[in-house]
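This report describes a protein from its overall form down to single residues.

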Amino acid sequence: MHIESLELINFRNYSNITLRPINGLNVIVGENAQGKTNIVEAIYYSGSLKSYRTFKDRELIRWGNDKAYIKTEIKKQNNTTKIEILINSQDKKGVRINGSKNIKLSDALGILNVVIFSPEDLKLLKEGPSVRRKFIDNELNQIRPKYHHALMQYNRVLLQRNNLLKSVSNKSSLKAELEIFSEQLAEYGSFIVEARHEFIKKLSMIARLIHRKITNGDEEIEILYQHDGTYFENKDQIKKNLLNNFLNEIDKDIERGYTLKGPHRDDIIIKINGIDARIFASQGQQRSAALSLKLSELELIKAEVGEYPVLLLDDVMSELDINRQKHLLSAFKSIQTFLTCTTLNDINAFHFDNKSVFSVKEGTITRQQT
Ligand SMILES: Nc1ncnc2c1ncn2[C@@H]1O[C@H](COP(=O)(O)OP(=O)(O)OP(=O)(O)O)[C@@H](O)[C@H]1O
Ligand SMILES: [Mg+2]
């Protein structure tokens with residue numbers, strides 16, 4: 001799939017621009033604070049209906065205005081789909097698909113698949129578990145609308161349960177209510193655990209091959225989903241297990257004032273040559289592993305939805321050494337890519353048949369003649 005056009009009105013520092021990217025490498029070059037990442041963010045938003053930089057949609061609206069508008073035309077096989085998003089200052093958004101307002105927000109998820117790779121992702125191994133959970137969740141949200149729904153419901157019930165835990169202290173009458181929440185958490189949670197487990201299993205198989213290539217056969221990578229307690233293949237058993245956990249922990253949870261165990265605490269373990277890379281891998285090894293994960297994500301989406309997603313590379317070139325740059329760039333010959341950089345020196349060492357350069361300056365964007 002690829003983006004044929006992107007129009008922004010009052011989005012971040014853009015008042016009104018239309019970008020017609022090519023189905024190849026789109027280089028977005030400009031000095032700091034000119035609006036490069038804002039373009040990447042707008043594309044990401046079109047695919048996932050949220051920003052990866054903020055939870056507050058109103059921050060996306062150009063200062064001094066009350067609405068922001070993003071229109072994206074996406075070509076898949078022979079179909080073009082138009083997604084229009086209107087964001088208002090109450091953090092509410094309206095979405096139209098091909099001009100029709102009569103849709104659920106979730107219908108717009110997954111029309112445009114994106115994989116984003118930014119310097120943050122290079123820290124995927126080093127950071128705490130929440131970053132790795134976000135990595136899985138963002139992917140599954142795009143390729144499985146049901147997952148998105150289950151995760152939202154899980155988080156909603158978790159918040160309710162946690163609020164109740166804080167107020168329950170001596171009132172045992174509220175315990176029955178906690179049990180109801182626990183039951184609901186186990187229902188949504190088991191769906192989440194099963195989907196994540198399956199996703200990681202597939203990702204691990206793809207990553208193993210890619211990582212061998214990146215490391216010239218020196219390293220074997222293995223990715224495992226770490227779920228609290230015992231893992232069972234079967235959703236019903238996961239549910240039973242989760243429910244037992246939630247119920248057994250009620251007293252401890254009340255003491256702490258929040259839900260101690262559950263999928264919201266799970267993690268991924270990444271092993272290189274059999275040892276935990278989070279703890280033992282060098283910086284360089286961790287970067288290579290992060291790169292393998294991202295490249296695997298591209299392949300996994302291709303396998304799941306039948307087409308490569310759009311790839312967003314924000315500021316990563318300067319963070320990678322030449323060898324890793326080569327692996328990254330050679331991987332996406334057939335993928336529409338948006339790559340931001342502050343200087344073209346970052347990519348001049350590489351040859352591309354299909355490349356277009358856009359310069360960004362103070363919220364304007366112009367295509368450079370090549
Ligand atoms: N809601 C907004 N309204 C107007 N301007 C905004 C808004 N949000 C952010 N900006 C401005 O947009 C500018 C460009 O931001 P962006 O993150 O895209 O820069 P960049 O070109 O990626 O820079 P860098 O190379 O440092 O990453 C920033 O200076 C910021 O102040
Ligand atoms: Mg930036």
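How many helices and how many strands make up the secondary structure of the protein? The model, which is predicted, contains 11 helices and 14 strands.

**Overall form**

The table collects values for the whole protein.

| Property | Value |
|---|---|
| Span of the C-alpha trace along the principal axes | about 70 × 55 × 35 Å |
| Radius of gyration | 22 Å |
| Accessible surface | about 17700 Å² |
| Separation of the mean positions of positive and negative charges | 3 Å |

For 370 residues, a compact globule would have a radius of gyration near 21 Å, and the 22 Å of the protein agrees with this expectation. Carbon and sulfur atoms account for 46% of the accessible surface. The charges number 54 positive and 47 negative.

Of the 370 residues, 53% are buried. When contacts between residues at least 6 apart in sequence are considered, 70% of them join residues at least 24 apart.

**The cores and helix H10**

In soluble globular proteins, nonpolar side chains tend to be buried together. In this model, the largest nonpolar core has 73 residues, and the members that touch the most others are Leu 328, Phe 332 and Leu 339. Helix H5 supplies the largest share of this core, with 13 residues.

Which residues does Leu 328 contact, apart from its neighbours within four places in sequence? The partners are Phe 117, Leu 291, Leu 295, Leu 313, Val 316, Met 317 and Leu 320.

Leu 328 is also one of the buried residues of helix H10, which covers residues 322-331. Arg 324, Gln 325, His 327 and Leu 329 are buried in this helix as well. The elements covering these buried residues include helix H5 (175-214), helix H9 (283-305) and helix H11 (345-348). Strand E7 (114-117), strand E11 (310-314) and strand E12 (337-341) also contribute to the cover.

**Asp 107**

Helix H2, formed by residues 105-108, contains Asp 107. Why is Asp 107 described as partly exposed? Its relative accessible area is 38%, and the partly exposed class lies between under 20% for buried and over 50% for exposed. Asp 107 and Arg 96 are 11 residues apart along the chain, and their C-alpha atoms are separated by 9.9 Å.

Note on methods:
Residues numbered from 1 in each chain as written. Chains lettered and ligands numbered in written order. Predicted model: local features only at pLDDT ≥ 70, side-chain atom pairs only at ≥ 80, totals over all residues. Heavy atoms only, no water. Helix = DSSP H or I, 4+ residues; strand = E, 2+ residues; numbered from the N terminus. Rg over C-alpha atoms; globule rule 2.2 N^0.38 Å. Buried < 20%, exposed > 50% of the residue type's maximum accessible area, 1.4 Å probe, protein only. Contact = heavy atoms within 4.5 Å. Areas by Shrake-Rupley, 256 points an atom, 1.4 Å probe, with all protein chains shown as cover. Lys, Arg positive; Asp, Glu negative; His and termini not counted. Charge placed at Lys NZ, Arg CZ, Asp CG, Glu CD. Core = buried A, V, L, I, M, F, W, Y, C linked by side-chain atoms within 4.5 Å.
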